[in-house]
Amino acid sequence: MNKKIFVILLMLMVSAVANAQLVKAAFGVTGGGIATQMMTNMPLNKPMYISGYGGAFATVNYGSSIGLRGGVNYSMQGAELSLNGVPVQLKQSYLNVPVAFMYHIKSFISIQAGFYQNILLTSSLTEKGSDHYTMSPDEGALKYNFGALAGVSVNIGRLVFVDIKYNLGLSKSYASLGAGYPMNTITVGVGFNIISTRQTIF
């Protein structure tokens, strides 16, 4: 009887180990370039406003196929446009919080989709005419905006990855003359895994 119980317990343990999943977590820093396009009917002097971002991230991978990556970044966005024929430059800095679900196609490449929240930190509006007037903070810059993201992440070895994302604004980022405008961005960055850990769970 005891031998049968032992055999059953052994079989259950073997089955549990066979079905165990490896959870891997990584923490690090990331940074790169960001191109912003304001979705407005006002004439843009430049189609894209180029700036940068940087911050920290955490990645959790469950098994070999799925994962979750979140982060906190400092990002610069803006636009250059014309208001009544006067060239104007808009600048905003944000605390950017992205969260993306990841599907690993191969061990070195993943597709990702998720959402983000932007919290306005600073803003300014500069008229580049003869007066060169600057207003800071810019009353047209809205405090909060959010959107959806999609992209791809490519691992270069175990410590470095390249991250490319398209961020679609789903809410207004800027308001002027009674109208509101979202901002879409493209980010291209590099991440560095500083701390990694792994744990087998059932």
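The largest pocket holds about 620 Å³ of space. A word on terms. On a 1 Å grid over the protein atoms alone, a pocket is an open set of points with protein on both sides within 12 Å along at least five of seven lines. A cavity is a set of points where a 1.4 Å probe fits but cannot get out. Lining residues have an atom within 4 Å of a point. Grid points are joined across faces, edges and corners, and a volume is the space filled by probe spheres set on the points.

This is a predicted model, where local features need pLDDT of at least 70, side-chain atom pairs count only at pLDDT 80 or more, and totals for chains, interfaces and linings use all residues. Residues are numbered from 1 along each chain as its sequence is written, and side-chain values use heavy atoms, with hydrogens and water left out.

The largest share, 4 residues, comes from β11. By class, the pocket lining has 5 nonpolar, 13 polar and 5 charged residues. Here Ala, Val, Leu, Ile, Met, Phe, Trp, Tyr, Cys and Pro count as nonpolar, Asp, Glu, Lys and Arg as charged, and the others, Gly among them, as polar.

Now the overall layout. The chain has 1 helix and 11 strands. From the N terminus, the order is α-β-β-β-β-β-β-β-β-β-β-β. Helices (H or I, at least four residues) and strands (E, at least two) are DSSP runs, numbered from the N terminus. Of the 202 residues in the chain, 36% are buried. Buried means under 20% relative accessible area, exposed over 50%, and partly exposed in between, with a 1.4 Å probe and protein chains only.

Next, the cavities. How many cavities of 30 Å³ or more does the structure hold? There are 2. The largest cavity has a volume of about 330 Å³. Of its 27 lining residues, Tyr 53, Asn 73, Asn 96, Pro 98 and Lys 165 are the closest to its centre. The largest share of this lining, 6 residues, comes from β3. The lining divides into 10 nonpolar, 14 polar and 3 charged residues.

The second largest cavity has a volume of about 30 Å³. Its lining includes Thr 36, Met 38, Leu 44 and Ala 79. That lining divides into 6 nonpolar, 1 polar and 2 charged residues.

Met 38 and Ala 79 come up again in the largest nonpolar core. This core has 13 residues, and those touching the most other members are Met 38, Ala 79, Leu 81, Val 88, Leu 90, Leu 125 and Tyr 174. A nonpolar core is a set of buried Ala, Val, Leu, Ile, Met, Phe, Trp, Tyr and Cys residues joined through side-chain atoms within 4.5 Å. β3 (66–83), β4 and β5 (109–127) each supply at least two of the core residues. β4 gives the most, with 3.

Look at Tyr 174. Leaving aside neighbours within four places in sequence, its contacts (heavy atoms within 4.5 Å) include Met 38, Leu 90, Leu 125, Asp 138 and Tyr 181.

On to β2 and β3. They pair in the antiparallel sense over 10 bridges. Two strands pair if DSSP finds at least two bridges between them. Tyr 53 has Ser 75, in β3, as its bridge partner. The hairpin of β2 and β3 has 3 residues between the strands, and Gly 63 takes a positive phi near 70° there.

Ser 65 also lies in the loop between β2 and β3. Is Ser 65 buried or partly exposed? Ser 65 is partly exposed, because its relative accessible area is 30%. Ser 65 and His 104 are 39 residues apart in sequence, yet 4.9 Å apart in space, C-alpha to C-alpha. Beyond four places in sequence, Ser 65 contacts Met 102, Tyr 103 and His 104.

Last stop, Pro 137. Where is Pro 137? Pro 137 sits in the loop between β6 (134–135) and β7. Most residues other than glycine have a negative phi, and most peptide bonds are trans. The bond joining Ser 136 and Pro 137 is cis, with omega about 5°. Pro 137 counts as exposed because its relative accessible area is 60%. The C-alpha atoms of Pro 137 and Ser 123 are separated by 4.9 Å, with the two residues 14 apart along the chain.
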